[in-house]
Each structure stands twice: as C-alpha cells, then as structure tokens.
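Welcome, and thanks for taking a look at this one with us. Please have the model open beside you as you read the briefing below.

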Amino acid sequence: MDKIQQRLTDLGYTLLDAPAPVGSYVQCVRAGNLLHLSGGISINGEDKYFGKVGADLSIEEGQAAARAAILNRLAVVKQAVGSLDKVTRIVAVNGFVNAGPDFYDHPKVLNGASDLLVEVFGDIGRHSRTAVGVSALPLNVAVEISMVVEVAE
C-alpha cells in the first residue's frame with residue numbers, strides 16, 4: 001500500500017473508488033503537473049451528509065461532510081495518477097457550504113477538509129482556500145469541494 005493511502009487507513013479513513021461524473025463534465029483535467037478537480041460532494045460511499053449546516057447539521061457534522069467531500073476528491077486524484085504518493089502539493093481548495101442566510105461559520109466547516117489534508121500530507125497539504133456559503137447544492141448535500149493539486153510527472 002502507498003504511504004499516503006496507508007496514512008489515511010491509519011487515521012481511520014477509507015479511500016473508495018472515484019465516483020463517475022453525473023453530467024457533461026469530467027472529474028479531473030490535467031494541465032502539465034496540475035490536476036484541476038471538479039466539485040465533489042459530501043458523499044463518500046455510505047458516509048453521506050445532506051442539508052443546511054447551521055440548521056439541519058451542526059458545525060461538527062459540516063466538518064465531517066467536508067472530510068467526506070475531500071476523500072471523494074482524493075479518490076479522483078488517485079484514479080488520475082495511480083498513487084497519492086505522486087502528490088507534490090495541494091495547491092487550492094474551493095469549498096461551498098449549503099447554509100442558511102444567518103450562518104457565517106463557513107471557514108470552520110471547511111477546516112474539516114483542510115485539517116485532514118495537512119494531517120495526511122504534512123506541509124505539502126497546506127493550501128490556499130475559498131470558503132463560501134450558498135443557498136443550495138446539488139442533491140441538497142451539505143458541502144461541495146473542488147481543488148487544484150500538483151503532482152509529479
């Protein structure tokens with residue numbers, strides 16, 4: 001097992017197969033050493049989060065939703081390059097939180113994803129980030145995340 005995948009396993013996370021796109025897009029586009037990943041939702045196998053954070057879900061449940069979405073995206077990276085050990089940098093994470101009009105803790109929710117990336121990848125997991133609240137997401141999921149990842153040749 002690869003080092004990064006073993007680290008995920010040691011932390012109690014399961015990396016599933018990458019989900020198939022459900023529309024007219026691809027999950028990942030490679031441009032040179034950069035992978036540009038489409039938005040992945042807070043569904044990772046049976047680990048599923050639906051509803052508005054701050055109303056239907058707590059901040060802690062929102063953080064779990066963000067972790068599910070980032071695991072979903074890491075599965076796409078693995079599918080694209082064969083191993084998470086080829087990741088040389090998590091460049092950017094763009095997170096969207098399904099939230100009501102009076103919820104303002106979007107960054108705290110996205111910390112679920114950011115903290116996991118740093119825990120798994122160390123310093124190369126540190127990234128730029130956008131955390132945005134939206135009025136709705138596909139399938140009423142709690143979180144959607146897109147990202148840019150640098151990989152070795």
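Where is L139 found? L139 sits in the loop between β6 and β7. Keep in mind that this is a predicted model. The points below begin with that loop, then move on to a helix, a pocket and a few residues worth a visit.

**The loop between β6 and β7**

- L139 has a phi near 60°, which is a positive value in a residue other than glycine.
- N140 is found in the loop between β6 and β7 too, and its phi is also positive, at about 65°, although N140 is not a glycine.
- As background for these two, most residues other than glycine have a negative phi.
- Is L139 buried or exposed? With a relative accessible area of 64%, L139 is exposed, because that value is over the 50% cut-off.
- N140 has a relative accessible area of 39%, so N140 counts as partly exposed.

**Helix α3**

- Helix α3 covers residues 106-121, 16 residues in total.
- From its first C-alpha to its last, α3 reaches 23 Å, close to the 22 Å expected at 1.5 Å a residue.
- Where does α3 bend? The bend is at G112 and amounts to about 35°.
- After α3 comes G122, with a positive phi near 70°.

- A64 has its place in helix α2, and A64 is buried at a relative accessible area of 13%, because buried means under 20%.
- N72 is buried, with a relative accessible area of 5%.
- What does N72 contact, leaving aside neighbours within four places in sequence? The partners of N72 are P19, G40, I41, I43 and N44.

**The largest pocket**

- The largest pocket holds about 240 Å³ of space.
- How many residues line the largest pocket? There are 14, and A20, V22, Y25, G39 and I41 lie nearest its centre.
- By class, the lining of the largest pocket has eight nonpolar, four polar and two charged residues.

**The loop between α2 and β5**

- D85 lies in the loop between α2 and β5.
- D85 counts as partly exposed, at 35% relative accessibility.
- Not counting residues up to four places away in sequence, D85 touches D2, K3 and I4.
- D85 and R30 are 55 residues apart in sequence and 17 Å apart in space, C-alpha to C-alpha.

Note on methods. Residues are numbered from 1 along each chain as its sequence is written. This is a predicted model: local features need pLDDT of at least 70, side-chain atom pairs count only at pLDDT 80 or more; totals for chains, interfaces and linings use all residues. Side-chain values use heavy atoms; hydrogens and water are left out. On a 1 Å grid over the protein atoms alone, a cavity is a set of points where a 1.4 Å probe fits but cannot get out, and a pocket is an open set with protein on both sides within 12 Å along at least five of seven lines; lining residues have an atom within 4 Å of a point. Grid points are joined across faces, edges and corners, and a volume is the space filled by probe spheres set on the points. Ala, Val, Leu, Ile, Met, Phe, Trp, Tyr, Cys and Pro count as nonpolar, Asp, Glu, Lys and Arg as charged, and the others, Gly among them, as polar. Helices (H or I, at least four residues) and strands (E, at least two) are DSSP runs, numbered from the N terminus. The expected span of a helix is 1.5 Å times one less than its number of residues. The bend at a residue is the angle between axes fitted to the seven residues ending there and the seven starting there. Buried means under 20% relative accessible area, exposed over 50%, partly exposed in between (1.4 Å probe, protein chains only). Contact means heavy atoms within 4.5 Å.
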